[in-house]
Amino acid sequence: MPSSPGDSRPAFRSPHALTAPLLVLFLAVSTVTCSTTSAEAAAPYGVKAVAVAASKRGAPYAYGATGPKRFDCSGLTLYAFREAGRQLPRTANQQYEQTRHIPPVQRAPGDLVFFPKGGTMGHVGIYAGRDKIWHAPRPGGRVRLEQIWSGNVRYGRPS
């Protein structure tokens, strides 16, 4: 029942009116949460980079592409962090060299996940929490959220 002009009671709202916005908020937060201590918590720009990468879900892979419609792996990370207010170098190997290397137990959403190949970093993605990364996988692929498939990874935190 709506309140009248002199009535100080708030207008009645259906309990379902808040369900959709709360569900969206829960889903957004749950994709970037993991079990970290406050000292290891994700930096705000890292959380934003995760959201930017997620917004590019389905964008096609293109070698050398840095967005906004096509990406290679390091092009996606470069683009996501640039949109979040941080600069990264162009290649996965350069990105690895310019990040603070961290042990797996300290990883947090927004950290970079590097996949070594020989003496260099062959692939990079953005850690999204729960052992998953956002990445542009390979030619013919599309930007996607995927389970980390290897134990041979390294983590770096952009500063």
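Leaving aside its neighbours within four places in sequence, which residues is F81 in contact with? In this predicted model, the residues that F81 contacts beyond that range are Y45, G46, A49, R86, L88, G110, L112, I126 and P158.

Two of these residues, R86 and Y45, also meet in another way. R86 lies over the face of Y45, at 4.0 Å from the ring centre.

In soluble globular proteins, nonpolar side chains tend to be buried together. Here the largest nonpolar core has 26 residues, and those touching the most other members are F71, F81, L112, I126 and V143. At least two residues of this core come from each of α2 (44-55), α3 (73-83), α4 (92-97), β2 (112-117) and β3 (120-129). There is also a second, separate core of eight residues, with V113, Y127, V153 and Y155 among them.

I now come to the aromatic rings. The whole structure contains five aromatic pairs, and I shall present two of them. For Y96 and F114, the ring centres are 5.1 Å apart and the planes stand at 75 degrees, so this pair is edge-to-face. Y96 belongs to helix α4 and F114 to strand β2, 18 residues apart, and the pair thus links distant parts of the chain. Y96 counts as buried because its relative accessibility is 11%; for F114, also buried, the value is 0%.

The other pair, F115 and W149, is stacked, with 4.4 Å from centre to centre and 5 degrees between the planes. F115 sits in strand β2, whereas W149 sits in the loop between β5 (144-147) and β6 (154-157), 34 residues apart. F115 is buried, at 7% relative accessibility, while W149 is partly exposed, at 48%.

Technical notes:
Residues numbered from 1 in each chain as written. Predicted model: local features only at pLDDT ≥ 70, side-chain atom pairs only at ≥ 80, totals over all residues. Heavy atoms only, no water. Core = buried A, V, L, I, M, F, W, Y, C linked by side-chain atoms within 4.5 Å. Buried < 20%, exposed > 50% of the residue type's maximum accessible area, 1.4 Å probe, protein only. Helix = DSSP H or I, 4+ residues; strand = E, 2+ residues; numbered from the N terminus. Contact = heavy atoms within 4.5 Å. Phe/Tyr/Trp six-rings, centres within 6.5 Å; stacked < 30°, edge-to-face > 60°. Lys NZ or Arg CZ within 6 Å of the ring centre and 35° of its normal.
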